[in-house]
Amino acid sequence: MNFKLKNDAFLRALLRQPTEYTPLWMMRQAGRFLPEYRETRKRAGSFLGLCKSPDFATEVTMQPLDRYPLDAAILFSDILTVPDAMGLGLYFSDGEGPKFERPLRDEASIMALRAPDVERDLRYVTDAVSQIRKTLDGRVPLIGFSGSPFTLSCYMVEGGSSDDYAKVKTLMYSEPKLMHHILEVTAGAVIAYLNAQIEAGAQAVMIFDSWGGMLSHSAYHEFSLAYMQRIVDGLIKEKDGVRIPNIIFTKGGGLWIEGIANTGCDAIGLDWTMDIGVARQKVGSRVALQGNLDPAVLFASPDAIRSEVEKVLGSYGFGSGHVFNLGHGISQHTNPDNVAAMVTAVHELSRKYH
Ligand code: CP3
């Protein structure tokens with residue numbers, strides 16, 4: 001029990017300890033579906049302006065919590081702050097998503113890649129973590145996060161989002177040593193970055209492996225999972241006598257959950273394609289599970305939302321070890337009232353399973 005927290009159901013669920021109901025939060029809970037977020041973003045001038053100011057980052061982190069009784073807060077930031085701090089020059093062009101001014105395109109730039117000085121170059125993130133913790137004042141736990149080395153490498157090599165990941169896959173298959181070099185440097189950076197977030201006050205950490213799911217079985221294990229294993233091994237596991245649980249989320253990784261559980265992580269995030277009850281049978285004695293409502297369910301009516309929530313809860317079944325979430329980030333086109341219907345349904349309907 002973490003006595004400083006008024007609501008620690010999320011942390012207990014991650015550690016498979018008993019809770020009275022199933023706690024929930026949503027990936028991308030602070031974001032464009034909220035009118036108050038769009039208003040703050042306008043004042044900040046840009047998305048990166050929000051991320052780089054601890055005051056703005058704190059303000060938008062709190063917005064979904066002020067609207068809904070969610071059981072966790074997530075640091076407002078982005079996974080691409082790490083490659084930005086490694087000198088790649090992150091920018092967002094309207095409608096096109098993230099881009100890098102200096103993507104990794106040749107051996108010289110790959111061999112010159114260095115882990116950032118987290119205390120100097122990512123100070124704005126750790127400052128935001130401390131400020132959010134102060135503002136939360138123990139309401140709910142704060143989640144810190146990072147991209148996985150593989151997912152970050154995708155953006156660093158492609159120079160932005162991609163439909164087919166042709167550049168990163170070409171590098172991976174034709175120059176595996178260079179790919180491993182990028183992953184090794186990035187894994188070291190991620191470990192330092194997550195541990196700095198923990199030192200600043202993050203009470204759980206999540207690794208977003210958004211693109212690991214487009215790899216083959218063997219490539220996933222060699223180029224994505226192996227580096228998440230290093231991160232799990234290198235993370236601070238306990239601070240001031242309190243466990244800091246970690247969550248691995250490979251979107252599209254349902255086939256590989258046994259391997260993910262073998263890393264020794266505390267919890268696995270699931271997208272909506274897998275039955276969470278089947279996942280529980282495979283790995284539920286070793287890890288907690290987080291997920292896995294299809295975000296598109298939130299486009300439907302409150303009644304339909306309630307019945308889809310019941311399906312996920314019923315599929316997980318009785319007992320602890322489940323954190324309810326969406327299977328991926330909430331869409332910007334979601335009606336905020338429908339989120340309220342989901343939150344109420346999870347809190348009400350889950351009590352009978354505990
Ligand atoms: O979950 C949260 O509320 C915390 C904040 C958060 C953001 N990005 C804010 C954001 C988190 C955890 C992320 C992670 C992230 N960023 C991932 C991994 C999770 C996933 O979705 O798979 C990835 C791949 C990124 C990279 C990234 N950042 C992309 C591809 C985009 C453009 C997406 C889009 O919908 O346009 C971003 C921008 C971004 N990150 C926004 C937010 C709220 C939208 C920015 C805006 O225009 O205001």
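The legends below describe close-up views of a predicted model.

**View 1**
The shell around the ligand is made of 22 residues. R28, R32, Y37, R41 and S210 are the closest of these. Sorted by class, the shell holds 14 nonpolar, four polar and four charged residues.

For R32, the distance from a polar side-chain atom to a ligand oxygen is 2.4 Å. In S210, an N or O atom of the side chain is 2.5 Å from an oxygen atom of the ligand. For H328, a polar side-chain atom and a ligand oxygen are 2.7 Å apart. On its own the ligand has 890 Å² of accessible area, and the protein covers 87% of that area.

**View 1. The largest pocket.**
What takes up the space of the largest pocket? The ligand does. The volume of this pocket is about 1300 Å³. Its lining consists of 39 residues, and those nearest the centre of the pocket are R28, R32, F47, D78 and F92. R28 and R32 are also listed among the closest residues to the ligand. By class, the lining of the largest pocket has 19 nonpolar, 14 polar and six charged residues.

**View 2**

**View 3. The largest cavity.**
The model has two cavities of 30 Å³ or more. The largest cavity holds about 40 Å³ of space. Lining this cavity are T250, G253, G254, I257, I260, I268, G269, L270 and D271. Helix α13 (257–261) and strand β9 (267–269) each contribute at least two residues to the lining. By class, four lining residues are nonpolar, four are polar and one is charged.

**View 4. The second largest cavity.**
About 30 Å³ of space lies in the second largest cavity. The residues lining this cavity are T22, L313, Y316, G317, G319, H322, Y353 and H354.

**View 5. A cis peptide bond in a strand.**
The peptide bond between G291 and N292 is cis, with omega at about -5°. N292 belongs to strand β10, which covers residues 288–293. Most peptide bonds are trans.

**View 6. A residue with positive phi.**
R16 is a residue other than glycine, and its phi is positive, near 60°. Where is R16 placed? R16 is in the loop between α1 (9–14) and α2. Most residues other than glycine have a negative phi.

Technical notes:
Residues are numbered from 1 along each chain as its sequence is written. This is a predicted model: local features need pLDDT of at least 70, side-chain atom pairs count only at pLDDT 80 or more; totals for chains, interfaces and linings use all residues. Side-chain values use heavy atoms; hydrogens and water are left out. A residue is near a molecule or strand if one of its heavy atoms lies within 4 Å of it. A polar contact is a pair of N or O atoms within 3.5 Å; within protein, one must be able to donate a hydrogen and the other to accept it, and residues adjacent in sequence count only if both atoms are side-chain atoms. Accessible areas come from the Shrake-Rupley method with a 1.4 Å probe; for residues, only the protein chains shown count as cover. On a 1 Å grid over the protein atoms alone, a cavity is a set of points where a 1.4 Å probe fits but cannot get out, and a pocket is an open set with protein on both sides within 12 Å along at least five of seven lines; lining residues have an atom within 4 Å of a point. A molecule sits in a cavity or pocket if more than half of its atoms lie within 2 Å of its grid points. Ala, Val, Leu, Ile, Met, Phe, Trp, Tyr, Cys and Pro count as nonpolar, Asp, Glu, Lys and Arg as charged, and the others, Gly among them, as polar. Grid points are joined across faces, edges and corners, and a volume is the space filled by probe spheres set on the points. Helices (H or I, at least four residues) and strands (E, at least two) are DSSP runs, numbered from the N terminus.
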